[in-house]
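Dear colleague,

I am passing on the structure below, together with some notes on its charged side-chain pairs. Please read the notes with the model open beside them.

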Amino acid sequence: REYLTKCLTNLVKHHADNCPNYARILRTLNLSPQTPSTIEEFPFIPARLFKELDLKSTPEHQISNVMTSSGTTGKGVSRIFLDQRTADSQKKVLHSIISDVIGPKRLPMLIVDRKSILKERTEYSARGVGILGFSLLGRKHTFVLNEQMELDYYELDKFLEKYSGSKILVFGFTSVIWEHFVGSLSKIESKVDIEKGILLHGGGWKKMADKSVDNSRFKERVNAVCGIENVHNYYGVIEQTGSILLECEVGNLHCSNYSDVVIR
């Protein structure tokens, strides 16, 4: 906590010096960047502000990525501006967190989505950001949905045949996996064998709630259609990509050493 408090103090000062809107927020709250002495005393802002204001502390010429939220609820999307140093740091943090589950080596990776979602190189959607970030943890990436979001059985069979008996990484967004992967595999007679797979998934739970599908039901159906037992949900926000909360083997989401949760 002492180290994190020091880091956050430096960050608050940096943003106050480089983001006029953030500096105004601090003045309105009658806070100076050096005032807080504990994590609980740091100023907080509604996530909605990222939908209404361009909050950025990076000069225009240094912005490498502009990420957008999925916008599944409410109107508008959040816009998060990253420089290359921040983007690199987020990738390192993500790799550190996920290595607890998949190990230190990069695994053959099956991506349950369409490849074209990565075409926009300047403004990424939440799904695109997730795929790009997690793809660094794998190798021999194979997208198994075509442009119509239909399961490509040929690509799937070819991938599984090539890495038969090997540990593989399967990644996708929860609702996409449920609708286009689990849903498609449920319709075929023969069971696909991905018993040694590790499935990482997150996002889209609002859509799953509408279908009355909870985490337990999701895991049961995944195991039924392809044999994967090693399934880990994660929770992340576009405002802090990389520092995800990862599900452990008994179903709890955990903070890593790179973030914390404060109840306001």
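In what follows, a residue is called buried when its relative accessible area is under 20%, exposed when it is over 50%, and partly exposed in between, with a 1.4 Å probe and protein chains only. Please keep in mind that this is a predicted model, in which local features need pLDDT of at least 70 and side-chain atom pairs count only at pLDDT 80 or more, while totals for chains, interfaces and linings use all residues. Residues are numbered from 1 along each chain as its sequence is written, and side-chain values use heavy atoms, with hydrogens and water left out.

Taking a salt bridge to be a side-chain nitrogen of Lys or Arg within 4 Å of a carboxyl oxygen of Asp or Glu, the count comes to 7.

One of them joins Lys 219 and Glu 247, at 2.9 Å from N to O. This pair links distant parts of the chain, since Lys 219 lies in helix H9 (residues 215–226) and Glu 247 in strand S9 (residues 245–247), 28 residues apart; helices (H or I, at least four residues) and strands (E, at least two) are DSSP runs, numbered from the N terminus. Lys 219 is partly exposed at 24% relative accessibility, whereas Glu 247 is buried at 2%.

Another salt bridge pairs Asp 17 with Lys 13, their closest N and O atoms being 3.0 Å apart, and both residues belong to helix H1 (residues 2–18), 4 residues apart, or about one turn of the helix. Asp 17 is exposed at 53%, while Lys 13 is partly exposed at 37%.

With kind regards
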